[in-house]
Amino acid sequence: MGMFILRRAFSSVVVLFLCSVAVFAGVRALPGDPALVMAGENATPQLIAAIRHQFGLDQPLPVQYADYVSQAFHGNFGISTTDQIPVATILAQRIPVTLELAFLAIVIGVLIGVPAGVVSAVRRGKFADWVSNGFGLIGLSVPHFWLGLLAILVFAVRLHWLPASGFVGLAEDPVENLRRMIMPALVLGTGLSAVLMRQTRSALLGQLSEDYVRTARAKGLSQRAQIRHALRNSLTTVTTVLGLQLGALISGAVVTEQIFVIPGFGKLTVDAVLQRNYPVIEGVVIVTVFGYVVVNLLVDLAYAWLNPRLRVAGASR
Amino acid sequence: MSVVAAPMPVASVRRGVRLRRRFLRRPMAIVGLVLVVLFLALAIIGPFLTPDPLAQELTQTFASPSAHHLLGTDDLGRDELARLASGARVSLVAGVLSTALAMVVGVPIGLASGYFKGWLDPVVMRLNDTVLAFPFLIFAVGFAAIFGASLRNVVIALSIGLLPTIVRVSRGEALVLRELDFVGGAVADGARPAGIMFRYLLPNSFNALIVQATVGIPTGIIGEAVLSFLGLGVQPPGASWGLMLTSAQQFLSQAPQLAIYPGALIALATLGFNLLGDGLRDVLDPRERR
């Protein structure tokens, strides 16, 4: 297990390194020289050179890269160009909002998706299976953002049950916060539940046809107990799928926040791009990459812990 | 195995008939095929039959359906049906081109990775997992920030997003095929690796790749809609289903139908490809069946 953790941690560092180089190179490749912009219209060559020197832009690229990494490690991502607030401060405000949204969506996705998948596998070919499969297909085909618009149309514009958009902090007013988060979380969770339902169904069907379940049936174990055994082994697959879906969940949050005007990480990203706010874009991408690498490492470790066979198999992979 | 082998054309005709029968026995696959054909018709023929999607009639904004405007007009008095047809064409281009581009790049990588194995395979698979699990939209948003928002860049970003799945599937095919006797025979005959990959591995992976195309195209359609919706794809006044939803969001209480048509078309087109793909998977690629 020790070797396994080491090897996975090492490959995470490699991914992080490659991504940070890509972001660094990408931002440097953007048109426009920041020193020229800062110096203003009547800049003398001496002033431009002085600004270059002050911000280290006259250093060779590897030195600039090392400086950029050490700044990032100290939590310094620069200053947002639109409102002059440090990027780190903005990120610290926005990330918890998206985490709350993602958490609610995962809860909804798991609560709908896993039971639907179990029912569908157990009642294979029956009416319940048909219904959950239909739900799964529709959940995969209907785009999030349209579902969001429809939800606003029905629940806010027509029925006036919920506010169409806007956000209240969890700490300010938890009830109002939930009232405003429930629609976005449902929209985001539905897509996830469709994926989880399909994966739970196929994993459970696979397990139910294994020898150990047949043995259990042969010795007269109740159907309930058979399913319990098989489900336990299916959940490994479901955990991995949930891990793989985190990327899709973040993508979904970008769109959902845009529709419901939630000041989270995703809205920050899109706004930063539309306003060409490069320090924020850099910060967003680096934080995403970092979060993604860490979460994937944790998922892999959880997976190896749930399924000991992998620790051995992983060595020869 | 008969002693006298049937001539190839006859066998493949019979195989075609058998596959078609198997396909036609699946009602949901037929529904999918019908939806896909309707989508293709709207995208290919639609723009020729409808008025100019950019022509504004500012006295005729939010008009109800009439003989003149079959689905009414939008907030700038443009013909809604014409814009939907023009948006269908954009969706089709985005879905097909991004999938094709991903295949052109991904299939050789996947086949080589699975055929050679060695040091190449773990490197390719590790990179592949990295791209696969990264939040695609954050990547696409960054891509648009660097290279600018346009349909061309949307297609490129989408094809990078689709790449890992294509690589994984073609690698899987190559891993199985390389162990088969006819490949061993070709090696013994002195065929070069490139020849083996394109003469033997590629044609035999065809079924799996067709199934992947039916997964890639709807992913591309949704991806284009999302990026255009966020303002990072097709720019106004161009017509894209995603962009139409952006402007419809401002007029939800006034003209809800403008938010319903484009979204319904995205959902139906995607559903069509998904159902067709499920059907083709059952018929062409039983190994992948779930």
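What share of the contacts in chain A between residues at least 6 apart in sequence join residues at least 24 apart? It comes to 70%, counting two residues as in contact if their C-beta atoms, placed from the backbone, lie within 7 Å. Keep in mind that this is a predicted model, where local features need pLDDT of at least 70, side-chain atom pairs count only at pLDDT 80 or more, and totals for chains, interfaces and linings use all residues. Residues are numbered from 1 along each chain as its sequence is written, while chains are lettered from A and ligands numbered from 1 in the order in which they are written.

View 1. Chain A has 13 helices and zero strands, where helices (H or I, at least four residues) and strands (E, at least two) are DSSP runs numbered from the N terminus. Of its 317 residues, 33% count as buried. Buried here takes 20 or more other C-beta atoms within 10 Å of a residue's own; 12 or fewer makes it exposed, and anything in between partly exposed, with C-beta atoms placed from the backbone.

**View 2. Where chain A meets chain B.** Each chain puts 33 residues into this contact. On the chain A side, H1 (2-28), H6 (127-141), H7 (144-158), H10 (223-260), H11 (265-274) and H12 (278-306) each supply at least two residues. H10(A) gives the largest share, seven residues. By class, the chain A side has 23 nonpolar, 10 polar and no charged residues. For these classes, Ala, Val, Leu, Ile, Met, Phe, Trp, Tyr, Cys and Pro count as nonpolar, Asp, Glu, Lys and Arg as charged, and the others, Gly among them, as polar.

**View 3. The largest nonpolar core.** This core has 136 residues, and a nonpolar core means a set of buried Ala, Val, Leu, Ile, Met, Phe, Trp, Tyr and Cys residues joined through C-beta atoms within 7 Å. The residues with the most contacts inside it are A:Leu101, B:Ala140, B:Val141, B:Val226 and B:Leu245. H4(B) brings the largest share, 16 residues. Leaving out residues up to four places away in sequence, B:Leu245 touches A:Phe145, A:Trp146 and A:Leu149 from chain A, plus B:Phe229, B:Ala259, B:Pro262 and B:Gly263 from chain B. Apart from this core lies another, of eight residues, among them A:Ala121, A:Ala203, A:Ala230 and A:Leu231.

**View 4. H6 against H7 in chain B.** H6 (residues 136-147) and H7 (residues 151-177) of chain B pack at an angle of about 145 degrees, with their axes 10 Å apart. Axes are lines fitted to C-alpha atoms, for helices over the stretch in contact, and angles run from 0 to 180 degrees between N-to-C directions. H6(B) contributes B:Phe136, B:Ala140, B:Phe143, B:Ala144 and B:Phe147, and H7(B) contributes B:Asn153, B:Ala157 and B:Gly161. That makes six nonpolar, two polar and no charged residues.

View 5. Most residues other than glycine have a negative phi, and most peptide bonds are trans. A:Val261, though not a glycine, has a positive phi of about 50 degrees, and it sits in the loop between H10 and H11 of chain A. A:Val261 is partly exposed because 13 other C-beta atoms lie within 10 Å. B:Lys117 also has a positive phi of about 50 degrees without being a glycine, in the loop between H4 (80-116) and H5 (120-133) of chain B. With 14 C-beta neighbours inside 10 Å, B:Lys117 counts as partly exposed. The peptide bond from B:Pro236 to B:Pro237 is cis, with omega near 5 degrees, and B:Pro237 lies in the loop between H10 (206-229) and H11 (241-249) of chain B.
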